[in-house]
Amino acid sequence: MDFESPVLDRVELAIVTSNRTPQGGRMRSEHGFALLASLAWSDETSAYLLFDTGASGEILRHNLGELGVSPEEIDWVVLSHCHHDHTGGLEWLLSGTGAASMVVAHPDITRRAYRTHPRLQYIGMDSPGFDRLEPARWLPVAAPLSLAPGVWMSGSIPRRVEFEQVRPHVATLREGVLEHDGEPEDLAVYLSLGNELVVLTGCSHAGPVNTVAHAKELFVGFPVRALAGGLHLYDAETERIDATVASLMDMVEGGVISGHCTGERGEMALAGTFGDRHRAFCSGDVWTLSRYDSYWHGIEDAGPR
Ligand SMILES: [Fe+2]
Ligand SMILES: [Fe+2]
């Protein structure tokens, strides 16, 4: 009998929702982000992990349908942070009959998040279904935690890099007082394919460099094969974009798959530095990474849908 525990063999990353769709594609876009990770282990088991839900249930339903996945098939819904462009589709997911998924997020996911500039605006989660989630389906995660072999939640991401400090115009309303506390609930997913890491981030509000650095602290000596998600550089000053891309170049041995809040200048800086190791994503893009091929070579765009 074989008592060896299974290992994560293959990861397929499908961009469910992003700000862009390829021309003529059937997928729809909106200002939001959702990524479906199809995970396959060495014992031939598999699971779907949905990372964020986009801004609306309508787009999530349409695009998951185009990918041929129903909500009932999703094992884990992981929320990167509370902003509505990442959690807006959750209500539709939770309202589905038979949806078996467990929701995983930082305990601060329910904080009352506001933008304070140029005017006060609520930007947090709006999902009454979440408040009614029974304990067995709600997993709050504040420290690194493994959901399955090779599938890790980052927990709180330490803010260490000087140029990635708390943004000034975001706040939380607590007992009638607005506190500028950054986005404390920001959480990433770390997947280990053998001894290589795939880092998934929603908006990188903890900072893309901090997010990758935290992964490297947890998995000492593991190269980062891919960093995928929104890097939130769209409103960053040029110096910060340059510092971010230079640091990522030092830490990411594989490639960067970016979109959503990365912004045109961020995408251009990444493309200029990473060259062929950078991809800007659209809704419907799919990449497959396997334990059996090397760094960047497994990342082939399956083409627009
Ligand atoms: Fe976002
Ligand atoms: Fe965000």
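Predicted model: local features only at pLDDT ≥ 70, side-chain atom pairs only at ≥ 80, totals over all residues.

Student: Which strands does β1 pair with, and in which sense?

Tutor: Here's the general idea: strands of a sheet pair through backbone hydrogen bonds, either parallel or antiparallel. In this model, β1 runs antiparallel to strand β2 (residues 34-41), and eight bridges join them. To find a spot in that pairing, look at Thr17, whose bridge partner in β2 is Ala34. β1 also pairs with strand β18 (residues 286-290), again in the antiparallel sense, over five bridges. There, Glu12 stands opposite Thr288.

Student: In what order do the strands of the sheet come?

Tutor: The order is β8-β5-β4-β3-β2-β1-β18, which gives an open sheet of seven strands with mixed pairing. At the edges are β8 (138-140) and β18, each of which pairs on one side only. From one strand to the next, the twist averages 20°. For a parallel pair, look at strand β4 (residues 76-78) and strand β5 (residues 102-105), with three bridges between them. Val78 stands opposite Val104 there.

Student: Why is β1 described as largely enclosed?

Tutor: You count buried residues, where buried means under 20% relative accessible area. Eight of the 10 residues of β1 (residues 8-17) are buried, so the rest of the structure largely encloses that strand. Strand β14 (residues 196-201) is another case: six of its six residues are buried, so this strand too is largely enclosed.

Student: Which side chains of β14 point one way, and which the other way?

Tutor: In a regular strand the side chains alternate between the two faces of the sheet. In β14, Glu196, Val198 and Leu200 point one way, while Leu197, Val199 and Thr201 point the other way, and all of them are buried.

Student: What are the partners of β14?

Tutor: Strand β13 (residues 189-193) runs antiparallel to β14, and five bridges join the two. Leu193 is opposite Glu196 in that pair. Together β13 and β14 make a hairpin with two residues between them, and Gly194 in the turn has a positive phi of about 60°. With strand β15 (residues 224-230), β14 pairs in the parallel sense, also over five bridges. Val198 stands opposite Ala226 in β15.

Student: Which parts does helix α5 pack against?

Tutor: For helices, the general idea is that an α-helix has 3.6 residues a turn, so residues three or four places apart point the same way. The buried residues of α5 (residues 208-218) include Pro208, Thr211, Val212 and Ala215. The buried residues of α5 pack against β13, β14, β15 and α6 (238-251).

Student: Now the metals. Which residues coordinate the iron ion (ligand 2)?

Tutor: His81 (NE2), His83 (ND1), Cys203 (SG) and His205 (NE2) coordinate the iron ion (ligand 2), at 2.2 to 2.8 Å. Along the chain, these donors follow the spacing H-x1-H-x119-C-x1-H. Both Cys203 and His205 are buried.

Student: And what are the protein donors of the iron ion (ligand 1)?

Tutor: They are Asp85 (OD), His86 (NE2), Cys203 (SG) and His260 (NE2), lying 2.1 to 2.3 Å from the ion. Cys203 bridges the iron ion (ligand 1) and the iron ion (ligand 2), which lie 3.4 Å apart. The site also links distant parts of the chain: Asp85 is in helix α2 (residues 84-87) and His260 in the loop between β16 and α7, 175 residues apart.

Student: Why is the arrangement around the iron ion (ligand 1) called irregular?

Tutor: Ideal angles at a metal are 109.5 degrees for four tetrahedral donors. Around the iron ion (ligand 1), the four donor atoms subtend angles of 80 to 163°, which makes the arrangement irregular. The site of the iron ion (ligand 2) is irregular as well, with angles of 87 to 178° among its four donor atoms.

Student: Is His260 buried or exposed?

Tutor: His260 is buried, because its relative accessible area is 10% and the cut-off is under 20%. Its side chain reaches the backbone oxygen of Gly32 at 3.4 Å. A polar contact of 3.0 Å also joins the side chains of His260 and His86.

How values were computed. Residues numbered from 1 in each chain as written. Chains lettered and ligands numbered in written order. Heavy atoms only, no water. Donors = N, O, S within 2.8 Å, 3.2 Å for Na, K, Ca; no water. Tetrahedral: all angles 85-135°; square planar, octahedral: opposite > 155°, others 65-115°. Buried < 20%, exposed > 50% of the residue type's maximum accessible area, 1.4 Å probe, protein only. Helix = DSSP H or I, 4+ residues; strand = E, 2+ residues; numbered from the N terminus. Pairing = 2+ DSSP bridges. Axes fitted to C-alpha atoms, helices over the stretch in contact; angles between N-to-C directions. Polar contact = N/O pair within 3.5 Å; in protein donor to acceptor, adjacent residues only side chain to side chain. Contact = heavy atoms within 4.5 Å.
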